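Here is a friendly briefing to read alongside the model. Please keep the sequence and the 3D view open as you go.

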Amino acid sequence: MIQAPSRYARVIRVIIPFATLSGLVYLFLMTFIPDHYEAASSSISSSASSLRSSLAKGGDAVRSGYREVSNKKAVLLNIDFLGRTEYDGDDGARDIQRLGAQKESNPKDSMDGHKRTGHHHHHHHHRKPSKQEIEPRQARYGSEELSDTADEQADRVSLNINNIYNTPMAETDEPIYEVKKANGVLVVFTSEEQIQDARQTVRDMEDRFNRGRNYPWVILSVLPLTERSRILTAQLTKGTMTFGTVPKAHYRLPRGIDVGKSMAKDRDLIFAGVNTKKTEISVRRRWRYLSGFLAQHELLDGYEFFWRVDPALEIFCDIEDDPMLEMKKNGQKFAWSMSTTENEDGIPSAWTFVDTFKKTHFDILPQQNSDFFLTRETGEEATTCTFGVQNSIGRVDFFRSREYLAFFDAIEHEGLIYYENFTDAIVTTLGVSLLLPKSQILHLSGMGWATVSKEWSYCPHAPELNARCHCNPNPPIKPAHLSCNNFWLGKNKSPRKNERLECNNGKCVLYIDVTDEPVEQEGRGAEKPS
């Protein structure tokens, strides 16, 4: 029986004739037409070299084209050409590679330069951007200081943040001029969980007020913010931005405070319908810090004014006149634009505290203060009117003064922040009204703003003021709070807002009583002649 050839034998039978034929063809070419062979070989080599050069140029052209697309994408997303990280809605942060900063006129030279250095970002050949590209860039970015500790400085060096943020701005046709500024700083107290709300506030303040002025920012938090959050926030301003943490001594639970008693008092307020939900101890710590210790932070040393803006604020109006300059000119120590009323049942000790403090601390009270804002027409009740401190300006030295610290010590001694609803707004309003005359308190009637939830909202009514705002002075749905602005101006009587919860057989109804009447005669709230 004849055995079939193996697979290897079949392959060899195919290869041997092919190799033999190839060798014969090669001998024929080398023997009879050597000149033609050399010409063909040269032509083939030249074609291959040309092909390699074309591929290289084509690859560089592709890279150059990608940079051009990246530039256009950066403009559409309002992201800087230098590759800064910008938060884009719920999709999170998008990192645009640092390609847009380089626009070489000769791609081949650029490729050679990259090969020589090994790092393409060492060569910045900036093209002159168009006006459409300049505006979003200049509106949003500048140089920032990201660190306030040695560790953060080390992080900044390792991240090469200075090379990113201190790059010169592109040339523009807009005039360059210096804006007169006060010795002030913008301050935000936030947390990692609130970082996007804080960024919204920074963005609104930059667009409405700080663009062109470049006041510095101080961002404070209980725990250090992440590196990503610092970068995302700092890129929103051309001014410096410094991040700091709250000293532990300023945020601790005060001595003598009974946490069990505080929680029991809170439950009583919930059952009475005053509070709709539990007020955590952490919230009361925040009230205490903002009203008593914010101005004492070391990062505010050297500044005359601090402008507090809380996370999640929406600024309605362009702020053309610098309120800090006006305060400096007029010797004023506090500025506000919106006011509201608190539920009287949540602060039952308000009048007792005011009356007692005036009797026991008469030596530190000015001859003329603003306690009319705290007192009802009867002279024996508190108004519960409060300034909207979420967007307010204070003089640093006033909130560090012996008088204010004595006032705050009295608040601490009574435990009012922990045992009643003495918020930072109430405490600040009491201190300012007791210790300052009305002439040293500035009402910013043209600064409309609101919290994002619209729980508190103020929109200027005067046409000349509202012309700079995008808010509706007569909204179809009124804000939930009751304003004290007209009471401050002497136009209305002291407003009153009471909320009570009445329950019967398990069914509860929340009753809200509101009183807001105009005065019969003008002049209430004016200072007495000296």
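D424 and R308 form a salt bridge, with their closest N and O atoms 2.7 Å apart; a salt bridge here is a side-chain nitrogen of Lys or Arg within 4 Å of a carboxyl oxygen of Asp or Glu. The pair links distant parts of the chain, D424 in helix α17 (residues 424–435) and R308 in strand β6 (residues 305–309), 116 residues apart. This is a predicted model, in which local features need pLDDT of at least 70 and side-chain atom pairs count only at pLDDT 80 or more, while totals for chains, interfaces and linings use all residues. Residues are numbered from 1 along each chain as its sequence is written, and side-chain values use heavy atoms, with hydrogens and water left out.

**Salt bridges**

- Both D424 and R308 are buried, where buried means under 20% relative accessible area, exposed over 50%, and partly exposed in between (1.4 Å probe, protein chains only).
- D424 and R308 also belong to a salt-bridge network that includes R286 and D310.
- The count of salt bridges comes to 16.
- Another of these pairs is R208 with D318, whose closest N and O atoms are 2.7 Å apart.
- R208 sits in helix α7 (residues 195–210) and D318 in the loop between β7 (313–315) and α12 (323–330), so this pair ties together parts that are 110 residues apart in sequence.
- R208 is buried at 19% relative accessible area, whereas D318 is partly exposed at 31%.
- R395 and D397 meet through their side chains in a salt bridge of 2.7 Å, N to O.
- Within that pair, R395 is buried at 15% and D397 is partly exposed at 41%.

**Helix α17**

- Helices (H or I, at least four residues) and strands (E, at least two) are DSSP runs, numbered from the N terminus.
- Twelve of the twelve residues of α17 are buried, so the rest of the structure largely encloses this helix.
- Among the buried residues of α17 are D424, I426, T429, G431 and L435.

**Nonpolar cores**

- A nonpolar core is a set of buried Ala, Val, Leu, Ile, Met, Phe, Trp, Tyr and Cys residues joined through side-chain atoms within 4.5 Å.
- The largest nonpolar core has 59 residues, and those touching the most other members are Y289, F306, F334, F407, I411, F422 and L430.
- Helix α17 gives the most to this core, with seven residues.
- Apart from this core lies another of 32 residues, including A198, V202, A335 and L444.
- Y289 is in contact (heavy atoms within 4.5 Å) with F189, L220, V246, H250, Y251, L294 and H297, leaving aside neighbours within four places in sequence.
- In soluble globular proteins, nonpolar side chains tend to be buried together.

**Strands and sheets**

- Strands β7, β13 and β14 make an open three-strand sheet in the order β7-β13-β14, with antiparallel pairing; two strands pair if DSSP finds at least two bridges between them.
- The edge strands β7 and β14 (457–458) each pair on one side only.
- Between β7 and strand β13 (residues 449–451) there are three bridges, and the two run antiparallel.
- E314 has A450 as its bridge partner in β13.
- Strand β4 (residues 217–221) runs parallel to β5 and is joined to it by five bridges, with L220 standing opposite G244 in β5.
- Four of the five residues of strand β5 (residues 241–245) are buried, so the rest of the structure largely encloses this strand.
- Together, β4, helix α8 (residues 227–234) and β5 make a right-handed β-α-β unit: with the strands pointing away from the viewer, the path from the first strand over the helix to the second runs clockwise.

**Around helix α7**

- E206 has its place in helix α7 and is buried at a relative accessible area of 3%.
- Not counting residues up to four places away in sequence, E206 touches R211, W217, L236, T237 and K238.
- R213, in the loop between α7 and β4, is buried at 12% relative accessible area.
- Leaving aside neighbours within four places in sequence, the contacts of R213 are V179, K181, I319, E320, D321 and D322.
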